[in-house]
Amino acid sequence: YLVDVSFPALTSAKDIELVLHDELTNLSFPVLATADSLLITYPSVPSFAFPALTSVTGRIYISSSEADISFPALVTAGALRAQSLFGTLDFPSLTTITGVEDGDSVDGILVEYHVPSSMSLPVLTSLGGDLVLDGASGEGTFSAPALTTIGGAFEVDDVDHTAITLGALATVGKSFTLESANDIKEANFGALTTVGGDVRVRNNSKLLRLNLGALTATPGRFDVSNNFELTELTITSLASVVHDFEIEDLNSLKILTAPALKTVGSFRVQGNDDLRSATFPALTDVLENKESSDTGLRISQNPNLIVLDISKLTSVAGDFDLRSNDDLREVALAALTTVTGNAFLESWNFDQRPLPALVTVGESLFLAYNDKIVLPALKTVGETFELLDSSVTTASLGLTTVGSMHIHENTLLTDLSLAALTSIEDDIEVEENSVLVNLTFTTLATV
């Protein structure tokens, strides 16, 4: 077995490939300055360095190592891959990783299987390809505090890192994913303004605080979900989401606000067990989203939600679903005029007139388990109008046209006026309203 690998005069090389073994005691390239690529596997020495290496135009690939490895003079590299490392990786002078094409993607930094106990890139400012931390066990840290630009995707998936430091990151060219980072408690991306794809922050079991305060828009989805311990979510600058906006299963979050959000492709806030306040004061439109089968606006299954502000919302392309928010008391919905899909209004037990401007529901309107029915501007329901099991005693609606009408099991209803209704395209059913006395259809001409 070789025990000493030394090239004391080698200054440059095309490709260096070292596949080593347990007997190695010394690895030395004291004056190597440039290489096209560098591959090192199974080094058993406790530490080694490339003290003069300044440039690697292709990949640096290091795997299956317990050594502390340093590249003190390295300034530029094509790509960096670290696999099953148990020591530290140090690149104190590395400023640029240009990226290496690999099929449809561009490799930048890839760390997988077992993370280095510490991986430090203190002066790295630009990464031309993807930054991927994937399937990496071991409680290590990753630090690139000066990195401002990732040309490809940012992807963290199923890792045990205790800290990921990217405080200067401003631009991600493709998608941004932080998923199943099992030991991360703080995710501070407060400088991030631009993402070229989806934003996904999901299934991070210990995450307490997420800062995306400078992010202004995403051309894909914005999905923060299944982070059960999350107590702080900062999205103060987010103004536009082209596809889905999803805030789901954040069981420790009490206050949710997106003060700049104006337009989304679809909107879902649901399954947040401890959410008390949800405010979106700038939201004007939920737009058509051809990329999703679940379109429209859904705010549901938030059992402790008390305050909801979507006061500037004027139109919803798709369904409007506001159900199973049992403690909801304060709702600002004064501007909503149009829902193109279905509207589900259940368990609205408060004194306000939350939908004073609603004129049109394109498909069906379902009213169930409500204490009050106040829809003064409503004229058209394209398909079914259903009033079910509500504890109202009187209801007066200005509807002129509906597809069909079902009014049943409203056990306290005594007076129902539909005096403006002129036509029902299909059927009308009024049944099991045991105390109903007065039912008025003054202008109904066609059924």
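Start with K206 and D183: in this predicted model, the two form a salt bridge, with their closest N and O atoms 2.9 Å apart. K206 sits in the loop between β24 (199-202) and β25 (209-211), while D183 sits in the loop between β21 (176-181) and β22 (186-188), so the pair ties together parts that are 23 residues apart in sequence. How covered are the two partners? K206 has a relative accessible area of 40%, so K206 counts as partly exposed. D183 comes in at 16% and counts as buried, because the cut-off for buried is under 20%. As background, side chains of opposite charge can pair when their charged atoms come close.

D198 has 17% relative accessibility, so D198 is buried. Another one joins D274 and R276, with N and O 2.7 Å apart. Here D274 is buried, with a relative accessible area of 16%, whereas R276 is partly exposed at 34%.

Now for the nonpolar inside. In soluble globular proteins, nonpolar side chains tend to be buried together. The largest nonpolar core in this model has 126 residues, and those with the most contacts inside it are I109, F222, F245, F267, F280 and F320. Which strand gives the most to this core? Strand β8 (residues 76-85) does, with four residues.

F245 is a handy place to look around. Leaving out residues up to four places away in sequence, F245 touches F222, F267 and F280, among others. Its contacts also include I235, L238, L261, V264 and V269, along with S266 and R268.

A239 is found in the loop between β28 (232-234) and β29 (240-248). Its relative accessible area is 25%, so A239 counts as partly exposed. For a sense of scale, take A239 and T394: they are 155 residues apart in sequence, and their C-alpha atoms are 41 Å apart in space.

Next, some strand pairing. How does strand β34 (residues 296-300) run relative to strand β37 (residues 319-322), parallel or antiparallel? The two run parallel, joined by three bridges. One spot to check is G296, whose bridge partner in β37 is D319. Strand β37 is also joined to strand β40 (residues 343-346), again parallel and with three bridges. There, D321 stands opposite F344 in β40. β37 therefore pairs with both β34 and β40, because at least two bridges are what it takes for two strands to pair.

Finally, the surface. I428, V430, L439 and V447 make a nonpolar patch of about 290 Å². One of these, L439, lies in strand β49 (residues 438-440). L439 has 36% relative accessibility, so L439 counts as partly exposed. That value qualifies L439 for the patch, because patch members need over 30% relative accessible area.

Conventions: Residues numbered from 1 in each chain as written. Predicted model: local features only at pLDDT ≥ 70, side-chain atom pairs only at ≥ 80, totals over all residues. Heavy atoms only, no water. Patch = residues over 30% accessible without salt bridge, like charges linked within 9 Å, V, L, I, M, F, W, Y side chains within 5 Å. Areas by Shrake-Rupley, 256 points an atom, 1.4 Å probe, with all protein chains shown as cover. Salt bridge = Lys/Arg side-chain N within 4 Å of Asp/Glu carboxyl O. Buried < 20%, exposed > 50% of the residue type's maximum accessible area, 1.4 Å probe, protein only. Core = buried A, V, L, I, M, F, W, Y, C linked by side-chain atoms within 4.5 Å. Contact = heavy atoms within 4.5 Å.
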